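Reader: I would like to learn how to read a model of this kind. Please show me the structure, then take the features one at a time.

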Amino acid sequence: MNFKNLNLINPIIRAVTEAGYSKPTEIQSNVIPQILMGRDVMGCAQTGTGKTGAFVMPVLQLLKKSAPEHKEIRTLILTPTRALATEVEENFKIYTKYLPLSLFTVYDGVSQGGQLAALRKRVDVLIATPERLLDLVAQRHINLSKIEILILDEADKMPNASFIDQVKKVLKLIPQKRQTLFFSSTMPKDLRRFADSLLNNPVEIMITQDSSIAKNVDPSISLVEKKEKTDLLVNLLQDDSLLRSLHFAMKRTVRI
């Protein structure tokens with residue numbers, strides 16, 4: 001299985017290949033064809049399995065395929081946190097390398113002036129945290145009346161009930177006739193009930209792993225003295241064989 005088998009267009013395949021990906025992950029192989037067919041999707045897979053790419057690639061293809069006359073936002077992606085919003089944004093930047101589509105991200109903690117300037121231009125994809133989004137809608141800086149695709153990413157990381165209430169307020173502002181994609185790392189019963197209230201006859205794709213660590217994650221640990229930590233980190237960051245890495249530092253306690 002490769003990305004061509006998923007009927008993705010050449011600009012996306014070219015961007016994916018240049019990013020270093022040779023074949024789709026399991027969640028991508030299952031989800032991408034369903035999204036391209038316009039189906040609502042409930043997807044569940046562990047962190048690190050390629051969930052973001054699973055919806056980014058087909059959504060971009062759908063947007064490229066149809067170019068309406070209006071200049072309003074066409075796709076809305078809601079994320080629970082600023083960090084997740086920026087992560088999704090980075091994925092979109094990778095895959096839009098050869099596509100004439102624009103995206104923008106709004107979240108708390110950033111000057112509103114710069115965000116407003118960007119929103120005056122055409123935005124095909126808006127990535128947002130609900131609180132900041134509702135604030136900008138209330139000020140009439142954002143119009144959600146033309147949304148074609150709604151995506152909720154990492155839904156199980158919703159911090160509390162008030163967050164869900166904010167999402168419900170957003171739902172009242174977008175068309176009922178839309179494609180909805182719901183992604184999460186876990187699917188407890190209450191979250192599933194919430195997903196069921198959003199989705200229309202969805203395809204359910206649940207990817208389970210025997211281990212709590214995703215297959216494409218290679219964990220390792222290095223025990224070094226405090227004074228050696230900086231040199232070790234520099235060496236790891238300069239290692240060309242590591243395409244992506246995440247590093248944690250811990251204080252080691254010796255018990256006698």
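**Helix, strands and loops**

Author: Helix H3 is mostly covered, with 13 of its 15 residues buried. Buried means under 20% relative accessible area, exposed over 50%, and partly exposed in between (1.4 Å probe, protein chains only). Helices (H or I, at least four residues) and strands (E, at least two) are DSSP runs, numbered from the N terminus. This is a predicted model, in which local features need pLDDT of at least 70 and side-chain atom pairs count only at pLDDT 80 or more, while totals for chains, interfaces and linings use all residues. Residues are numbered from 1 along each chain as its sequence is written, and side-chain values use heavy atoms, with hydrogens and water left out.

Reader: Which way do the residues of strand E2 (residues 75–78) point?

Author: In a regular strand the side chains alternate between the two faces of the sheet. In E2, Thr75 and Ile77 point one way and Leu76 and Leu78 the other way; all are buried.

Reader: In what sense does E2 pair with E4, and over how many bridges?

Author: Two strands pair if DSSP finds at least two bridges between them. E2 and E4 are parallel, with four bridges, and isoleucine 77 has isoleucine 127 of E4 as its bridge partner. Strand E5 (residues 149–152) also runs parallel to E2 and is joined to it by four bridges. There, threonine 75 has isoleucine 149 as its partner.

Reader: Where is aspartate 124, and is it buried or exposed?

Author: Aspartate 124 lies in the loop between helix H5 (112–119) and strand E4 (125–128). With a relative accessible area of 3%, aspartate 124 is therefore buried. Contact means heavy atoms within 4.5 Å. Beyond its neighbours within four places in sequence, aspartate 124 is in contact with residues including Leu63, Arg74 and Thr75.

Reader: Which phi value does arginine 140 have?

Author: Arginine 140 is not a glycine, yet its phi is positive, about 65°. Its place is the loop between helix H6 (130–138) and E5. Arginine 140 counts as exposed because its relative accessibility is 78%.

Reader: What about asparagine 201?

Author: Asparagine 201, also not a glycine, has a positive phi of about 45°. The loop between helix H8 (189–198) and strand E7 (203–206) holds asparagine 201. Its relative accessible area is 58%, so asparagine 201 is exposed.
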